[in-house]
Amino acid sequence: MTDSGSAEWDIVTGVGLTALGVAAGRAMETHRDDSLICDPYAEAFVQAANPPVPMPTRLDAVDVDDPEIPWASMATYMGVRTRFFDEYFATAAATGVDQMVLLAAGLDTRAHRLGWPAGTVVYEIDAPKVLAFKDRVLAAEHATARAQRRTVAVDLREQWAPALLDAGFDPSRRSAWLAEGLLPFLPNVAKDLLLSTVHDLTAPGSSISIESIEDMAALRRDPNFEEIWSRMGRRMGLDVTELWPDQENYHADRWLTEHGWTVSTALATDVGQQYQRPLDEGPMRSTLFITAQR
């Protein structure tokens, strides 16, 4: 494992707390009778972290009339999002790709819960304290990875390629990349750096899938959106939107197209309909799932 001292957040502060909220959403979705995904470790992460404000891990523990935090809606979105990217990796693996890279992996457990072909390597890049917490919980749960799992503890806002290469990544071979829940937290110059680095490290036949909020500027001006996140911020002690750089909209699909990738996009709301799991419009109205092939 490589290390970097600049990404100092842990699992109950800053961006780390958002990763814990995502785990809570996956846990709630997992316990549904008609769940879209199964993450047997998500609940353990929430319980082990003991967050400053309790996070539910089952829908029957959620107050559906709670005006502060729309946990049920968040769980539904996490189910849709996770299922979409699970299928993305399954498609890549079926074509023989055996290098998978999770950018800002957080508490993702795909290395442990998906069925990977023999020889698959899953690289997880994130802040050192987040990965260390995840490793402790997975060890306590006696979790066994179904692929070769290699963690890369480094700040994605910096030059992270050397750390990935040191971990064994081979840029001459095809790879599949995922940026899930990452782009909104990066300033535009860091988004450029991220995509440029991925581009430089990918061989022909590689792919990337990205969760992108296409019109963040409009969301910031939406009084309903502002009210919802302000209430959540007061309850959680963290306003996620304060972690989002206040800059012009960034179109990752356009960047990839201009650099020779073949791009397809899907609105999250449309994906939810395909899974027969409608999403609340709200912030989801401009959330886009981008998949690109090189």
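The count of salt bridges comes to 19, each one a side-chain nitrogen of Lys or Arg within 4 Å of a carboxyl oxygen of Asp or Glu. This is a predicted model, where local features need pLDDT of at least 70, side-chain atom pairs count only at pLDDT 80 or more, and totals for chains, interfaces and linings use all residues. Residues are numbered from 1 along each chain as its sequence is written, and side-chain values use heavy atoms, with hydrogens and water left out.

**A salt bridge to look at**
- R81 pairs with E180, and their closest N and O atoms are 3.1 Å apart.
- R81 sits in helix α3 and E180 in the loop between β4 (176-179) and α7 (188-201), so this pair links parts of the chain 99 residues apart.

**Helix α3**
- Helices (H or I, at least four residues) and strands (E, at least two) are DSSP runs, numbered from the N terminus.
- After α3 comes G96, with a positive phi near 100°.

**Where α2 meets α5**
- Contact (heavy atoms within 4.5 Å) involves A44, F45, A48 and A49 of α2, with F133, K134, V137 and L138 on the α5 side.
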